[in-house]
Amino acid sequence: MTALGSLVIRFRLAVLIGAGALLVLAGIFGGGVAGRLSGGGFDDPHSESSRARAVLDQQFHAGQPNLLLLVSAPAGVDSPTAAAAGEALTARLAAEPAVANARSYWSTGASALRSRDGTEALVAARIRGGDDAVAAAAEVLAPRYTGRFGPLTVRVGGTAQVYREISDRIEHDLTRAESVAVPVTAVLLVLVFGSAVAALLPLAIGGVAVLGTFAVLRALTEVTDVSIFALNLTTGLGLGLAIDYSLFVVSRYREELGRGRTPADAVAETVRTAGRTVLFSAFTVALSLAAMLIFPLFFLRSFAYAGIAVVALAATAAVVLLPAILVVLGPRVNRFALWRRPEVAPARSPWHRLALGVMRRPVPVGAAVLVVLLALGAPFLGVRFGLSDDRVLPRGANGHLISQALRTDFPSRESETLSVVSPTAGASAVRSLATASYAVALSRVAGVARVDAGTGSYRDGRLVAPGGPAAARFGNGRGSWLSVVPAVESYSPAGERLARDLRAVPAPYAVKVGGPAAELVDTEAALFHRVPLAGVLIATAMVVLLFLFSGSVVVPAKALVLNLLSLTATFGAMVFVFQDGHLRWLVGDFLPTGTLDTTTPILMFCTAFGLSMDYEVFLLSRIKEEYDRTGDNTAAVALGLARTGPIVSAAAALIAIVFLSFASSGISFIKLLGVGLALAVVMDATLVRGLLVPAFMRLAGRANWWAPTPLRRLHERIGLAEHGQPAPVPARRPATEPTALR
């Protein structure tokens, strides 16, 4: 780090010019990244349901309808004028180049496509292609088929429209969140630094990190799918970490200036000490986020791409670009000061008094905090998982309104059909007795409204309609498939049971079951089977890194336990607020579904755990610095907290403001992401770092820094000492307890 500091000081103008040029290029290249991102990525491409969908599309040219026209006729959909207009509307939609097929109540006579009161009917169509092609086609077709068509009033819904509305809403909400977060953050930074010039530096570093990550995501879209939801994490994490790292670097620089160093010497010392801590912290955050790469959903992998990129760019800018700016500014970093605060010695600060107060009574303080955190996390014991659907949209969104009408006004869930696919059943399977018997068995499964097959339609184990000419669509000469219309909500525990029960029915030939309910089962399996591996990878990486940083095996174990505790309140809030629907007036109105999106706890765990480690490293670096200097564990903890407490608390407040701006989003799980991460950061910076850490480290005493002899020797050889040199041998422990604790 000493060499890096020297290079930055020597070539500061080249660094500034190069960074400016790269920033312009990143803005040009990555500015339009939102248009190249995908709104999908919520399923495992290797799962049974995904393979069933692929076979259904490629071999049978069929699939679940993803575009629905909800048609209203006040005089009734069976009136001659409404019927004629409905047939014409169906034919027109079927003729669209992007539409593979379309059917309606008027073209099929299926009563399931007619509302219970007879004033509404459905036109169900399937758009060809993947998620992006479907969304692009929906963007064209939705306005074309919305409005009056003779005696009919038409509204457009279905999954294609829902995902299009979600993508549009994400872009709109992101702009609004930035318009709120950036000005508020700027004001708070001025209050924290007391100087307008110093306050602008974290925002500049945040802008570099965010724009640079947009360019990285734009490049990644050339080789893989990237979710549009990654933009939110890019903005929130980019600004948040830029604030964290810049606060740490600028505060250390101003501290060194206050000791009488020249600007160049102050920058060199800052890069050598705070810069090393920033890079180490960034590495731990990036490793935590990288755990999402092991999951097969590109929705989660996209957050890893964005998170790793924005962490790397924020840290690089903080230890290269920011020091170059500081050298150029020199003492002018304190220009436009609003006030002059008197310097308070760390030993006289409120944080020092807090640490000593906690360490006088570590057991009752620690026990009280543990009880509070565990009580806040208790609601997570009742968590129920589902997948995101139209209900993540605001109540007034068109896609949600139409989907809700399908739930309440129509006798069955035609838009949520499950497909039982057999690509090699044989040419005779479509109308065979074996297929008829299989369809009868499927129709008897609890939660099934109807089964359609080449041999007819079945309900409750009985044939209710013979197979007509339209039944030919269930075969292709080599295989066959059956359509199962559910009577329960697909993304619910009842939907999960239905999918599992259908797969348990003995089949006369090899089959694959797909559809929304099956996707929920497969997605949960894909995620939860990998969660233990992700946890082990994160824990192992953190233990190794913190050992290399501290030379202790106790400190890493303590960090893991306390970081998990800091997340308990977050997980409890997820269930209490967003699953059960409490406190909606506080976080903004949304529609609770009684479940949580399956991916959200994983995303929040990896992100919040990384941020917790961020603060752990900041605090530990100063504690270890004092301990290496004095050998007094208690004094080191108190002084370490006194030096980092103001910075960590300010950083936590600022990053919480950034994440809370997501609460203004109309997408419920983006709202959840913002509120949950803000709560995790605040809990970690206050209850955990301010109370639990000093309590634990006081109880552990000198054992905090213990390691077995072989590991201590290993650390002496390869350890990451902050000062760029082997850590000095600690002084002997004082024979008596520090006076402050007597």
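Please keep in mind that the model is a predicted one.

I turn next to the aromatic residues. Across the whole structure, the search finds 20 aromatic pairs. One of them joins Tyr105 and Trp106 in an edge-to-face arrangement, with 6.2 Å centre to centre and 65° between the planes. Tyr105 counts as buried because its relative accessibility is 12%, and Trp106 counts as buried because its value is 11%. Another pair, Tyr627 with Trp705, is stacked, at 4.9 Å centre to centre and 20° between the planes. This second pair links distant parts of the chain, 78 residues apart: Tyr627 belongs to helix H21 (residues 600-630), while Trp705 is in the loop between helix H23 (668-700) and helix H24 (709-718). Both Tyr627 and Trp705 are buried. Ring pairs also link Phe42, Tyr163, Phe229, Phe299, Phe303 and Phe669 into a cluster.

The charged residues come next. How many salt bridges does the structure hold? The number is 38. Among them is the bridge between Arg391 and Glu489, whose closest N and O atoms are 3.5 Å apart. Here, too, distant parts of the chain are linked, at 98 residues apart: Arg391 lies in the loop between strand E6 (385-386) and helix H14 (398-409), and Glu489 in the loop between strand E11 (480-486) and helix H16 (493-504). Arg391 and Glu489 are both buried.

Glu489 has a further salt bridge, with Arg413, where the closest N and O atoms are 3.3 Å apart. Since Glu489 is in the loop between E11 and H16 and Arg413 in the loop between H14 and strand E7 (418-422), this pair ties together parts that are 76 residues apart in sequence. Arg413 is buried, as is Glu489.

A further bridge is formed by the side chains of Asp452 and Arg450, at 3.0 Å from N to O. Asp452 counts as buried because its relative accessibility is 10%, and Arg450 counts as buried because its relative accessibility is 10%. Elsewhere, salt bridges that share partners join Arg252, Glu255, Glu256, Arg259, Arg261, Arg622, Glu625, Glu626, Arg629 and Arg643 into one network.

Two local features remain. Gly594 is found in the loop between helix H20 (584-587) and strand E13 (596-597). Its C-alpha atom is separated by 8.5 Å from that of Phe385, a residue 209 places away along the chain. Apart from neighbours within four places in sequence, Gly594 is in contact with Arg384 and Gln579.

Finally, Phe576, Leu583, Trp585 and Leu586 form a nonpolar surface patch, with about 460 Å² of accessible area together. Phe576 lies in helix H19 (residues 554-579), and counts as partly exposed because its relative accessibility is 35%.

Conventions
Residues numbered from 1 in each chain as written. Predicted model: local features only at pLDDT ≥ 70, side-chain atom pairs only at ≥ 80, totals over all residues. Heavy atoms only, no water. Patch = residues over 30% accessible without salt bridge, like charges linked within 9 Å, V, L, I, M, F, W, Y side chains within 5 Å. Areas by Shrake-Rupley, 256 points an atom, 1.4 Å probe, with all protein chains shown as cover. Salt bridge = Lys/Arg side-chain N within 4 Å of Asp/Glu carboxyl O. Helix = DSSP H or I, 4+ residues; strand = E, 2+ residues; numbered from the N terminus. Buried < 20%, exposed > 50% of the residue type's maximum accessible area, 1.4 Å probe, protein only. Phe/Tyr/Trp six-rings, centres within 6.5 Å; stacked < 30°, edge-to-face > 60°. Contact = heavy atoms within 4.5 Å.
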